[in-house]
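Please look through the structure below before reading on. The paragraphs after it follow two residues and then turn to confidence.

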Amino acid sequence: MSEISAPKGVRDILPDESWKWDYVFGVLRKTAADFGFSEVHLPIFEHTELFSRGIGDTTDVVEKEMYTFTDKGGRSITLRPEATASMVRSYLEHRMGTLPQPVKMWCAGPMFRYERPQKGRYRQFWQVDFESLGSASPYADAEIIALSLEAFRRLGLSRLEVVINSVGCPACRPDYRRRLTEYFSSREGDLCETCRDRMGRNPLRILDCKKESCRQVTEDAPSVYESLCGECREHFDAVRSSLDGLGAVYRLDKRLVRGLDYYTKTAYEVLSGALGSQNAVCGGGRYDNLAEAIGGPHVPGVGFAAGVDRILMVMEQEGCSFGKEPRLDVFGVALDFRSRAAILSVVDLLRKNGISADMDFNDRSMKAQMKAASARNARLACILGEDELTRGTVAVKDLTTGEQKEIAGEGLAQAVKEMLSTLKG
């Protein structure tokens with residue numbers, strides 16, 4: 001074992017798990033395409049200002065969790081803690097406002113937050129992120145929620161619950177902040193130190209606190225619904241009506257504000273009954289003022305993000321299928337020294353014909369090579385020795401039945417394809 005191990009809070013995704021990730025990404029990619037979302041690839045670090053202005057200075061992410069450093073040019077750089085701000089920055093930078101609206105994009109990749117590692121949560125973690133930019137319609141909100149539910153349905157998840165709320169807008173939020181401040185001031189002694197500090201800056205953040213003492217205080221906090229302006233109330237009613245029309249089951253939660261300041265109007269989460277207390281598998285909502293917060297024009301947007309580690313964890317706990325585990329089609333076995341160079345040509349021929357193939361590179365015995373073929377879960381073994389070289393043939397063995405055929409070298413690839421077709425069928 002090396003003296004150097006991976007840092008705390010990060011992990012290696014090894015071959016016995018990575019194929020499951022490929023399956024999940026495949027399902028998500030097809031779902032995205034069916035909903036008209038195009039894939040983009042974003043940088044993993046940005047200027048720190050993008051996140052401090054976009055996410056909000058009073059959020060836990062900006063206050064406590066960002067990986068920020070000064071680069072060699074003296075610039076403050078941050079490893080991305082989430083993708084929405086980056087997606088909006090990309091939309092603005094590449095003038096996507098000139099395209100037909102909304103522009104619907106998705107991405108997948110690692111995010112970075114310095115927080116206590118826990119079940120399904122790491123300091124480097126993978127997220128998938130879906131964003132619809134350029135439409136203020138409540139139907140865009142409903143589509144985003146429907147997209148997340150359809151993706152999870154295709155992955156086989158069943159024990160899910162949708163929780164939604166409205167967090168208002170700049171027109172009606174000041175009244176709600178005032179009412180929250182008055183209420184929390186009367187219960188200040190029951191709040192944690194962090195929430196007491198937030199009370200004067202952003203009392204909505206208190207609703208998101210996970211400490212039990214603060215959760216008890218927020219149970220009787222004023223409801224946002226009493227402060228919503230006409231536009232926000234109409235928008236939220238339309239979202240709920242659309243979800244009803246789509247047959248989506250949901251419940252309201254006045255304490256749901258999400259952990260980022262850029263949300264306006266709709267906020268939602270999808271919770272899993274398979275995860276215990278840390279039960280959110282995705283979360284999102286509307287963020288109509290994010291583009292302006294980072295120095296751009298007004299661009300309404302709505303989206304969601306989901307942690308891939310969480311998705312896989314729920315799938316495994318619910319016994320969902322990941323499809324078939326990849327298997328090697330053919331393992332090449334050389335019986336002697338002269339055949340070792342030739343078996344490489346055989347493996348190369350098979351690979352060029354779309355057949356997955358590998359071989360031994362350590363000059364091991366035939367017995368050891370056959371054992372390696374079984375360990376790789378290969379379907380067939382192509383065996384080559386002095387006799388086969390003389391006759392211009394290759395022995396092909398079915399590793400399940402033990403049946404063996406001798407096949408002419410010129411027709412090997414086609415014969416192997418036919419055998420594999422029978423085995424896979």
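N165 is buried, with a relative accessible area of 1%; buried means under 20% relative accessible area, exposed over 50%, and partly exposed in between, using a 1.4 Å probe and protein chains only. This is a predicted model, in which local features need pLDDT of at least 70, side-chain atom pairs count only at pLDDT 80 or more, and totals for chains, interfaces and linings use all residues. Residues are numbered from 1 along each chain as its sequence is written, and side-chain values use heavy atoms, with hydrogens and water left out.

N165 belongs to strand β7 (residues 160-166). Helices (H or I, at least four residues) and strands (E, at least two) are DSSP runs, numbered from the N terminus. Setting aside neighbours within four places in sequence, N165 has contacts that include V224, Y225, F236 and K265, where contact means heavy atoms within 4.5 Å. D253 is also among the contacts of N165, and the side chain of N165 reaches the backbone oxygen of D253 at 3.4 Å.

A32 lies in helix α1 (residues 15-34). Not counting residues up to four places away in sequence, A32 touches F37, W106 and F130. The C-alpha atoms of A32 and A151 are 8.3 Å apart, although 119 residues separate the two along the chain.

How confident is the prediction? The mean pLDDT of the protein is 91, and 96% of its residues reach 70 or more; pLDDT is the predictor's confidence in each residue, from 0 to 100. Confidence is highest in strand β1 (residues 38-39), at a mean of 98, and lowest in helix α3 (residues 60-65), at 75. Where pLDDT is low, the predicted coordinates should not be read in detail.

Definitions and conventions: Polar contact = N/O pair within 3.5 Å; in protein donor to acceptor, adjacent residues only side chain to side chain.
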